[in-house]
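Please open the structure in a viewer and keep the selection panel at hand.

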Amino acid sequence: MENHTNIILKTEDLCKYYGVGDNQVKAVDHVNLEIRQGGFVSIIGKSGSGKSTLLHMLGGLDNPTAGKVFIDGENIASFKEEKLSKIRRRKIGFIFQAYNLIPSLNVWENIVLPLGLDGKPLDESFINDIIKTLGLSEKVKNLPNTLSGGQQQRCAIARAIAAKPSIILADEPTGNLDTRTGDETMALLKASAAKYGQTLVVITHNEEVAQMADRTIILADGRILSSGESEVVSDEK
Amino acid sequence: MKNNTVLCLALSKLRYNRSRTLLTGIAIMLTTMLLMAIGTVGIAVFDMNRQMFSEMDYHATFTGLTADQVNVLSKHINVEAMSTSEIFADIVNGKMNGVLSYRETVKDGRITDGDDSSDSRELASGHYPEAENEICSSPIFFRRVGAEPVIGGKVTLSFRVNGKGEILTEEFTISGLEPDVEISGEIDDSRLMWAAHVSRALLEKYRADGLYEPSLYATLRVYGEDELAFDEMADRINAVAADIGLDEASVNINRQYLYTVTDPGTEIMVVVAAISLIVILFSALVIYSIYYVGVITDVQEIGKLKALGASGRQIAKLFYWQGAIVSVFAVPVGLLMGFLLPYFLFPLALYAYQNGSAISSYSRDAVEAVIGQIHMFSLPVLLAAVVAALVTVAISLQKPIRLAKKVSPVEAIRYQENSADRKNRKGHHEVKVSTLTLANLTRNKRRTAVTLLTMGLSCVLFICVSAVLSSVSAEDLARRNIPKGDFRISLKYSQHDVEYPENNLDSLVQQAYFNEAFLAELSAIDGVESVERAPGKILSSTDITSAMYEDYYNRLPLSYFTRDDLAELNANLEQGSIDYDRMTANNEIVCTHVYSFEQYGLSLGDTFPLTLHDGSREIPLTVTLTALTQPDSDFSLLIMTEDTWNSLGLACDPTTDIYLYADDKHYDSVKEALLELVAENEHFILYSMDVEMRIGRSSLGLTKNPLYLLLILISVIGFINLINTMITSIVTRRKELGILQALGLSDRQLARMLSGEGLVFTAGTLLISVTLGNLFGYLLFLWAKEQHFMSISRYHYPVWETVGLALVLLIGQTIIALFINRKVKNESLIDRIRNEE
C-alpha cells in the first residue's frame, strides 16, 4: 500500500455480518484492501470464506454492515440506490458464474444493454472490436439460450467491457465451463481488460486462473490471510 | 399413498404461489357469485311475476261491450269467470285526472285483476257503495278532493258522465275506505290518475235519465289454463270474442300472466342461461389464462417432477387438486355472496323503482305487496351454480394440463421462457428501457395475446352493453315530454267537446294564450334565458271514415314540419317519400304513427278532403297522404309542410306548446315562478325537466343498474387476469430484474419498464374494446331499437363509460405496478440475483 496514486478500489474496515449473538456469521470481517488501476487481482478462498460477499460489496450490489468502499475516491457505501445504479453502469462491469444474460434480448442487445441504460451513444467500432475479439461476430442476432456455455460467458464478458468501466468484477467466470473453454475465456478476459485498460478483480477456486493474476488475495473466514502485495508485478502490466 | 403425495404437492404449490392462489380464488369466487346471483335474481323475478300475476290472474280484457254482449259472455261455455267494470264519469276538479267507476263480478270464479276497483280487494273499513250517493276510495283520494276520509263523511264532486255532457255536481257519503297509499316524491297532478267507486244504483239512475250510456269493459278467464299452450289459449279467447261479435282490436290478452302460467319461467330461464353462459365463457378464459401462465412459469418444476417419475396422470391430478382445493374455499364464499347480493339489492331496486314511478297508485301497491315476500332461495339454483363453477374451473384446466403433460423432463430443466421455437431475434441497435419492455412482451407472444384477449373481450362486452345502456337514456324519455329547453308549458285542450266548446282547441287558439305579452312575461322571469314556440296545431275534421279520426273524437290536431325536420323524418321513413317542395306543391301530408297505421284503413296515395278549424273559419283543404314515418321527436299524427301551413292564412295563434330555457343557477326559482303562473290558468300544464328526468331514471334504473353491476363484475374478473399476468411476469423475473439492476438499471427505470408493460396491456385492451366494443355496441343498439327494448331510440356514444374504463385500467395497472415493484424491492438485490427458480 505504499503507492496511493492510481488506487481505483479501496476498502476500510469493511464488514458484512449476518444474524446476531451466537448465530452471528461474519461473512466479511474488517477487510482493508487497495487495488490499483489496470491491475488484475484474483481473490481465492474456500467456499464460505466471504469471497462473493466481498465482491458484491465492492460492486455496490450489497450493503456493508460497517466500513467503507471507495471507488475512485468516493465512498459508495453511503450512496442511495439511484446513485449506486449509476456507479454500477458507468464504473463497473459484472461477470457472473451463471452468465446471467437477459433471455429476451439477443447477443448484441445484451452487450449494449449497460450503455443503453446509461443513455450513452454507442461506440460501434469499439463494440464490434470487442465482439470480434471474443469471437461472437456470427452470433450477434442469437438469443442467449441458443449459445454454448463458453459463448454465453464470452457474451457476458463483452457486456462487462462494452461500457468501458474502470473495474470489471468477475465471480467464478469459468466455474460453469470445461477446462479448455475456461482457459480460453480467462485468456480472452485478461487480454480484453488489458487492451482496454480496465482493472480486473476475479474470484476463483481455480489455481490456474489465480496464477494468471498480477496479485492474489487469500480470504478465510471473512478475513484477508494474504493480500498478495508482494506478488504485485506491475501496475501497468 | 401416491395420491397423498400429489395432494401434498398441490398444497405446497398453492402455498408457494400465494398470489396466484389468491387470484385464482378470487376469480372462482366471483364466477360463483355471479352465477349464483344471476340464478337468484332469476328466481326472484319469477317469484315476483308469479305473485304480481296472481294479483292479475285474468286472461284477457274485452273493451267497448254492450250490456247484451256482457250477458252473452257470462253464459259462454268457455268463460270460467268474469267481472265487468265501467267508467261512469270523469271527475272535474281543476287539473286533477280522475274517474268514477263501477265494478261487478258477473260470473264468479277465481279472478283478480289487481285493479283498485276490484271488489276482491279488501277494504280497510266500511263497504262498497250500494246506495246511490255512496262512494268509496282510498283516504288519499278524499284528501285530494278536500274531504275528510272517514266513513260516513261527505264529499261533493263535480263530474261529467261518460266524459262528456254537462258538468254535474253531487254530494256523496263515504261508505268504505281502501288501504291508504302514499305518493312519494313530487309528481305533477297531470301524471296521476285517481279513481273512486260508485254504486250500481247511481249508474242506473243516470241511465234511466238517458244521461249514461254504459260502455263496459270485461275482465275474464277462459277454461283450459292448465291444459292448453299459450297459442291455444289465445285462440280460445279470440274465438270467445268472435262469438259475441267483437273484433280482435277490442281484445287485450294478458300475455304476461298467460306466458307465466302456460310456460312457467321459460323466458326467465333463457335469459338466465344466456347470461350465465357469457359469465362462464369469460371466467373460464380468465381462470384458464391464470393456469396457463402458471404452467409456463412452472415448466422447470414440472420437468423436474417428471424427471423424478411423475406420470402425466399425476401431473393432471396435481392441477385438478389445486383447482379443487381453491374451489373448496372460493365456491362457498361465492355462493353466499351471490345470494346475499340480490337478497339485499333486489328489494332496494324495486323500492327505487316504486318510489320513482308512482304514476298510478296501482303499481306502487302491487310492488309494495310483493317486496319482502319474494322467495329467492332455490336449492337447484345453488347446485347449478356449484356445478357451473366447477365445470368452469375444469374446462379452464384442460389446456394447461395438456400443456403440462407435454413438458419433457430434459428440455424443461434447460427451459427458458422464450426458448420454444425462436433462435434469433432481430433486435434493436440500441437498448432503451422501452426495448426491454417490448422484448419482454414479445418473449411469449401467446401469453401476451391470451391476456390481451381475455381483458379485451371482457372490456368489449362492457363497452358494447354500455353503448346500449347509455342509449337507454332517461333524458331521451324526458325529451319526449320536453323536446327542447328546461320547461314546457302546454295547453290542455279538448278536441270536440260539444257541451263545453270553449275548451276545444279551435276556441283556445282564438284566445292566443301564448301571445307576445305572455312570452314577454315569461322572458322577464329572472333566470329565463329564452322562450320558444313549438309548431302550432289546429284541429281538422274529415268526411271520410277512418279510425284515425274516430280515435280522436273526429277532430284531429294537425301540425307542420320545417325543412330542418326533413333529415329526421326521412331517416325514419317507413313508406312513401318526403320531398318538401313536391309536398308543398301538391298539399301532401305525412302520417307519423307507423304502429296504428294499419287500423286507420288508409293507404299511401289516398286523397281526401279536410276541414281545418281555426276558431273563426272552416278552411277546406284536400290533401294526399304520401308518406309514413316514425320520427323520434314529438310530431302531430298528421303533418304538412311549413309552407302549406303558412298558405292557410290562419286567423289565430295556433301555439299549443312553448319551451323555456333557464340558466342552471336559477332553475329552481324559475320553476317556482312558472308553477305560480301555470296555477292561474286551468288550461296550462307545466312539464319540468327535473321531474321528467326523475321519472325516466327510476323507470330505467331497475334494468340499467343491475346490468351495469353485472358488467362491472365481469370486468373485475377480466382485471384479475391483468393482475395475474403482471405479478407472474415480475415474480418469475425476479432474478432477471436483479441482473438488470446489477447492470445499472435504476429504480426509476425499473418502474418505467414495469409500468410500460402494463401500459401496453391497458392500451391494447382499450383499443380492442373501443373498436370492437363500439362496433358491436352499435349493432346491438340497432337490434335493441328494432325490438323496442326499453324505449331505446337514439344512439348515445358511451363516453363516460369509455373514459371510466380507461381510467380504471390506467389507475389499476399503475397501482399493481407500484405494489409489485415495492414487493420486489423488499428482497435484496443479491438475493434476487442468486434466486434460482
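**First stop: a hairpin in chain A**

Select I218(A): its bridge partner, in strand 10 of chain A, is S226(A). The model is a predicted one, in which local features need pLDDT of at least 70, side-chain atom pairs count only at pLDDT 80 or more, and totals for chains, interfaces and linings use all residues. Residues are numbered from 1 along each chain as its sequence is written, while chains are lettered from A and ligands numbered from 1 in the order in which they are written.

Now extend the selection to strand 9 (residues 215-220) and strand 10 (residues 223-226) of chain A, which pair in the antiparallel sense over 3 bridges. Helices (H or I, at least four residues) and strands (E, at least two) are DSSP runs, numbered from the N terminus; two strands pair if DSSP finds at least two bridges between them. The hairpin has 2 residues between its strands, and D221(A) there takes a positive phi near 50°.

**Second stop: helix 5 of chain A**

Select residues 149-162 of chain A. This is helix 5, whose 14 residues reach 20 Å from the first C-alpha to the last, close to the 20 Å expected at 1.5 Å a residue; the expected span is 1.5 Å times one less than the number of residues. How many of its residues are buried? The count is 12 of 14, and the helix is mostly covered. A residue is buried if 20 or more other C-beta atoms lie within 10 Å of its own, exposed if 12 or fewer, and partly exposed in between, with C-beta atoms placed from the backbone. Among the buried residues are R154(A), C155(A) and I157(A).

Contact here means that the C-beta atoms of two residues, placed from the backbone, lie within 7 Å. After helix 5 comes K164(A), with a positive phi near 50°.

Zoom out to chain A as a whole. Its secondary structure comes to 7 helices and 10 strands, and 51% of its 237 residues are buried.

**Third stop: where the chains touch**

Display both chains. Chain B brings 33 residues to the contact and chain A brings 29. On the side of chain B, the elements that give two or more residues are helix 13 (433-443), helix 24 (734-742), helix 25 (747-786) and helix 27 (829-834). Helix 24 of chain B gives the most, with 5 residues.

**Last stop: a sheet in chain B**

Select the 4 strands of chain B that form an open sheet in the order 12-20-11-21, with antiparallel pairing. Its edge strands, strand 12 (528-533) and strand 21 (684-688), each pair on one side only. Strand 11 (residues 487-491) of chain B is joined to strand 21 by 5 bridges. Which residue of strand 21 of chain B stands opposite I489(B)? That residue is L686(B).
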